[in-house]
Each structure stands twice: as C-alpha cells, then as structure tokens.
Amino acid sequence: MKTLKLPLRIEPGLVALLCAWFYFDPAGTFLPFVCAAALHEAGHLAMLLWLRQPVHSLCLGLQGAVLRTGPLRYRDELLAAAAGPAMNLALLLAFSRTLPRFALVNFCLLAYNLLPFYPLDGGRLLRAVLRTLLPLRAAIWAERGICVLCGALLLACAGYLTLCWHAGPWPLLVCLLLGLRCRRTEEI
C-alpha cells in the first residue's frame, strides 16, 4: 500500500485566528468548524486521489485551504471542486437531528464554498461548466459578469445586515475576506 506524503503549510495568521476563536467562542462552534472543515478538505483530497491526480501540497491560511495539484481537465476540476461541498451536504443531512450545531456549521461551509467566486468551490464549478460549454473568451466574460453581480448582491446584503440589523462588522468583514480570497489573476 502506497503512503501519501502531503506537505502541509499552516500560516501564522490562521493559527492566531483559530486561537482567538477558541478563546472567544461562546456559541461552541470552534470544534464543529474544525471537524467540518477538515472533512470538507478530505472530500477534495479523496476525489483527487480517486481521479489519480497528483496533489503536491496543502496550505492552510486566513483565506482558506488550498490543495495544490497539477493542471486538471475541466471534468476533473468539476468533480474535485464538488467533492468538498458534497461532503458538507452529506454531514448536514446525517447530523441535522443528532448534532444540530455541527449540521449548522456544515450548512454555513456549504453555502460559503458554493459562492460563484474563483477560487472557491462554486467558482471552480462555474468555471469548469462555462469553459466546457462556451468558447474560452465568452466563458471568462460570463464568469466575470456573474462574479460582479453576485459580489454586488453579497455586499448589499452585508451592508443591510450591518446597518439595519445591527449585526456588527462581521458581514462586511466576511465580504472583505472573500474579496481578498477571490482576487483574480486570470488570463483573458
């Protein structure tokens, strides 16, 4: 049996954030989140291994987890991107009655990761589907249009939650982190 040796890099900012979350967690979501996030990434990794795609490293940072692979065909990228949210959906359905906090964390991870912003899973799914169906230039323009529209809606919702529901800075902070995560350095 072949052993998988996967280099792991953990950024200090993530360690600081997780320590703060652990210390200031009145809702008890730290452990469910760590478990759900680990299983989400395990879903991606299992699919990549099943597709016999090389996985070079895993980097955990403030902006999320990144599995570094070689170039993927659109079909393989679609399957690998869908595997993490599929894991969260399975956990949500399996534990909705017995562990509702864990199920809620899985729902939040599922919803966040399916946002259509590259390199989130939803953005990878959108990219793979559009680039399979459309010429490259048209697919890139469609991706950008969808991202701008969804980004504007997300920012408007965050502003509404912050200003009208007095949700504090958290919705806007999530939008900021999402914007940092989804900076595009894509070709045209």
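Predicted model: local features only at pLDDT ≥ 70, side-chain atom pairs only at ≥ 80, totals over all residues.

Colleague: What does the chain average in pLDDT?

Modeller: The chain averages 90, and 95% of the residues score at least 70; pLDDT is the predictor's confidence in each residue, from 0 to 100.

Colleague: Where is confidence lowest, and where is it highest?

Modeller: It is lowest in helix α7 (residues 170-181), with a mean of 81, and highest in helix α3 (residues 74-95), at 97. Helices (H or I, at least four residues) and strands (E, at least two) are DSSP runs, numbered from the N terminus.

Colleague: Turning to the sheet, in what order do the strands lie?

Modeller: The order is β1-β2-β3, in an open sheet of three strands with mixed pairing; two strands pair if DSSP finds at least two bridges between them. Because β1 (8-10) and β3 (64-69) each have a single partner strand, they stand at the edges, and one side of each has no neighbour in the sheet.

Colleague: How many bridges join β2 to β3?

Modeller: Six bridges join them, and the two strands run antiparallel. Val55 has Thr69 of β3 as its bridge partner, and Cys59 stands opposite Val66 in β3. A hairpin of two residues connects β2 to β3.

Colleague: Now the helices. At what angle do α3 and α5 cross?

Modeller: Their axes cross at roughly 155° and come within 9 Å, α5 being residues 121-133. Axes are lines fitted to C-alpha atoms, for helices over the stretch in contact, and angles run from 0 to 180 degrees between N-to-C directions. The two helices are therefore roughly antiparallel, a term for angles over 145 degrees.

Colleague: And how do α6 and α7 cross?

Modeller: The axes of α6 (residues 136-163) and α7 come within 8 Å and also cross at roughly 155°, which makes this pair roughly antiparallel. The contact (heavy atoms within 4.5 Å) includes Leu154 and Ala158 of α6 and Pro171 and Cys175 of α7.

Definitions and conventions: Residues numbered from 1 in each chain as written. Heavy atoms only, no water. Parallel < 35°, antiparallel > 145°, perpendicular 65-115°, else oblique.
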